Amino acid sequence: MTAPARFPRPIHRPVPRPNRPRHSAPRHRRWGLRMAMGAAAAVLAAGGLGHALVVGIDGGISRIDPFSGLSDRPRVSRGTNFLLVGTDGRDKITEEERAEYHLGGEACHCTDTVMLVHLSADRSRASVVSLPRDTYTEIPEYTDENGRVHPVHPQKLNAAYAEGGPGLTVRAVERLTGVHLDHYLEVDFTSFMKTVDAVGGVQVCTPKPLKDDYTGLDLPVGTSSLNGGQALQYVRSRHLDGAADLGRMQRQQRFLAALMHRVAGSGVLLNPVKFHDVASTVIGSMRADRGFGTAQLVELGEAMRSLAPSSAEFTSVPIGVVDFPVPHLGSTVKWDEAAADRLFAALREDRPITSRPAGRAPEAQEAKGVPPGPGGDAAGATAVDVPPGRVHVQVFNGTGRPGLGQSVDQALRATGFATTGSPTNAPTAERTVLSYDPRWDRSVRTLAAAFPGADLRAEPGQGPMMRVIVGSDFRAVHPVRGPQSGPPPGGGSVMTGDQAVCPAGA
């Protein structure tokens with residue numbers, strides 16, 4: 001056999017560098033090159049290595065099938081629609097957390113928060129629409145787990161989850177909005193707290209102190225950094241003023257904007273390892289539909305990374321009647337159907353929900369010392385979402401001071417309340433007490449705004465008539481201002497993400 005021919009090894013000679021002046025490229029140009037190379041590496045990492053890392057946590061998602069068996073659904077439209085649901089589940093809350101963050105009591109197993117999130121087809125825009133939990137609707141006919149058929153019946157939106165779980169909630173929302181839902185995401189108290197802690201906390205700013213004895217929230221004026229438990233107090237508080245649930249929805253929107261800003265600005269989305277850690281923490285305690293998997297996680301992460309704060313828009317469904325009484329349901333929220341139809345048509349057609357308003361959001365303005373706009377009141381009246389004229393009040397004098405009951409009745413009528421005009425006496429009371437039927441829990445917030453610091457006493461079966469027992473601590477009736485005097489809270493106004501987050505240096 002002939003030996004294979006041997007060839008001499010090639011000789012490698014170093015190529016001489018061309019003579020060039022030192023520092024010939026401007027420093028900013030070399031810095032820009034490094035930035036471009038770093039960004040390219042990050043994109044490759046998030047798209048490649050990030051995908052590989054996410055595959056490992058995909059199995060941690062608790063799966064449900066809220067779309068199973070659904071028929072007569074809205075047609076599929078451009079973009080991607082998520083139904084984000086927050087429940088009051090607290091099974092995994094520790095005793096220490098229950099005590100520190102006021103999380104005691106029994107869960108109602110209903111939806112505490114309902115948001116429709118639309119991600120545009122070109123991934124350049126995210127639109128978030130809050131749906132009031134007390135929205136008046138008709139629950140579609142359904143068959144429960146025991147085989148019992150329930151006909152169509154009036155109900156509040158948040159009760160759909162209690163009656164028929166995620167599937168009935170999806171049906172109710174699609175029926176109300178005409179928007180085809182592509183994915184369903186559900187978080188409870190535990191997963192919410194873990195999410196905030198996983199990103200290192202979130203900043204919120206407020207132009208006035210926020211204190212709610214029910215949730216334990218106690219924030220000073222200015223900027224505050226919230227951990228998971230404190231953030232939960234912030235988004236749950238609904239006893240801060242007369243705006244009640246509608247005011248809480250606005251705070252939830254601002255918080256979601258701040259959370260998105262925190263995630264996008266903290267490097268989580270550019271670091272596959274950090275992304276894995278945060279995503280695994282969040283996913284380990286949430287529930288999602290069977291179609292939300294690895295590809296959707298990566299796509300959502302990439303979309304969030306490319307979104308500018310100004311590209312995220314937040315609004316609430318326009319409200320027609322904020323205190324719509326329904327037999328056996330109490331006070332509900334009725335939408336402005338024409339305005340709501342225009343809003344959801346924009347989502348179906350993959351359009352922005354509105355053009356961007358000029359300036360920053362009122363709260364962000366006030367946090368920097370800018371005087372309040374139309375939402376404020378130089379006379380000191382507190383804005384409320386249920387007009388005082390819809391709130392019926394019977395006054396009881398518990399002080400023993402002659403004529404005080406009549407004075408309180410007249411003061412309430414002067415600020416707009418529907419009083420009986422016939423106050424009466426009551427046993428001596430140290431503190432002022434507002435007695436109300438829980439079915440009118442929204443209306444009592446308007447009355448509570450007129451008596452700051454008064455105790456609230458729920459009396460099931462009392463009916464729509466509120467009772468004020470004037471105590472020795474009474475000083476004066478505080479004036480209130482109904483939504484007819486200005487734009488209603490949560491009444492369809494739109495803010496963008498850069499308006500919602502705290503101003504730089506605040």
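Trainee: Is Phe451 buried or exposed?

Mentor: Buried means under 20% relative accessible area, exposed over 50%, and partly exposed in between, with a 1.4 Å probe and protein chains only. Phe451 has a relative accessible area of 3%, so Phe451 is buried. This is a predicted model, in which local features need pLDDT of at least 70 and side-chain atom pairs count only at pLDDT 80 or more, while totals for chains, interfaces and linings use all residues. Residues are numbered from 1 along each chain as its sequence is written, and side-chain values use heavy atoms, leaving out hydrogens and water.

Trainee: Which aromatic pair does Phe451 form with Phe474?

Mentor: Rings of Phe, Tyr and Trp (its six-membered ring) pair if their centres lie within 6.5 Å; planes under 30 degrees apart count as stacked, over 60 as edge-to-face and the rest as tilted. Phe451 and Phe474 form a tilted pair, with 6.1 Å from centre to centre and 45 degrees between the planes. Phe451 is in the loop between α12 (443-450) and β23 (455-458), and Phe474 in the loop between β24 (466-470) and β25 (480-481), so the pair ties together parts 23 residues apart in sequence. Helices (H or I, at least four residues) and strands (E, at least two) are DSSP runs, numbered from the N terminus. Phe474 is buried too, with a relative accessible area of 12%.

Trainee: What does Val408 touch?

Mentor: Contact means heavy atoms within 4.5 Å. Leaving aside residues up to four places away in sequence, Val408 touches Val395, Phe451, Val470, Phe474 and Val477.

Trainee: Which residues touch the most other members of the largest nonpolar core?

Mentor: In soluble globular proteins, nonpolar side chains tend to be buried together. A nonpolar core is a set of buried Ala, Val, Leu, Ile, Met, Phe, Trp, Tyr and Cys residues joined through side-chain atoms within 4.5 Å. The largest one has 59 residues, and those touching the most other members are Leu131, Phe344, Val393, Val408, Leu412, Leu447 and Phe451. Helix α3 (residues 159-177) gives the most to this core, with 6 residues.

Trainee: How many aromatic pairs does a search of the whole structure find?

Mentor: The search finds 6. In one of them, Tyr136 and Phe324 have ring centres 5.5 Å apart and planes at 65 degrees, so the pair is edge-to-face. Tyr136 in strand β5 (residues 136-139) and Phe324 in strand β16 (residues 319-326) are 188 residues apart. Tyr136 counts as partly exposed at 23% relative accessibility, and Phe324 counts as partly exposed at 25%.
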